[in-house]
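Work through the exercises below with the model in view. Try each task before reading its solution.

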Amino acid sequence: REIAALTAKQPEGVTEVERTEDGWTVGIELIEDQRIPSSSDILATYETTIDADGELLSYRRVRRYARGRGDTEEL
């Protein structure tokens with residue numbers, strides 16, 4: 001919810017969850033640019049850092065791509 005509020009983008013799903021010494025790293029896929037048809041949407045993966053209490057510490061966009069392009073092609 002915090003990422004959606006901070007970025008004003010619609011979350012699509014969680015792509016990664018990793019335990020760290022101080023909390024968690026979570027990858028979240030967001031719709032960066034919603035288009036018609038939806039198969040033309042531009043998506044982005046954001047990496048977030050969350051502490052042990054569940055508080056968001058940081059976030060950054062790590063990649064941006066067209067829906068359906070998979071992991072091998074960048075936008």
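A polar contact is a pair of N or O atoms within 3.5 Å; within protein, one must be able to donate a hydrogen and the other to accept it, and residues adjacent in sequence count only if both atoms are side-chain atoms. The model is predicted: local features need pLDDT of at least 70, side-chain atom pairs count only at pLDDT 80 or more, and totals for chains, interfaces and linings use all residues. Residues are numbered from 1 along each chain as its sequence is written, and side-chain values use heavy atoms, with hydrogens and water left out.

**Exercise 1.** Find the polar contact of the Thr45 side chain, then state whether Thr45 is buried or exposed.

Step 1. Start in strand β3, where Thr45 is found (strands are DSSP runs of E, at least two residues, numbered from the N terminus).
Step 2. The side chains of Thr45 and Tyr65 are joined by a polar contact of 3.5 Å.
Step 3. Thr45 has a relative accessible area of 11%. Buried means under 20% (1.4 Å probe, protein chains only), so Thr45 is buried.
Step 4. Beyond four places in sequence, the contacts of Thr45 (heavy atoms within 4.5 Å) include Thr15, Ile28 and Arg61.

**Exercise 2.** Describe how β1 and β2 pair.

Step 1. Strand β1 covers residues 10-19.
Step 2. β1 pairs with β2 in the antiparallel sense, over eight bridges (pairing needs at least two DSSP bridges).
Step 3. Three residues lie between β1 and β2, and the two strands form a hairpin.
Step 4. Locate Arg19: opposite this residue stands Trp24 in β2.

Terms used: Helix = DSSP H or I, 4+ residues; strand = E, 2+ residues; numbered from the N terminus. Buried < 20%, exposed > 50% of the residue type's maximum accessible area, 1.4 Å probe, protein only.
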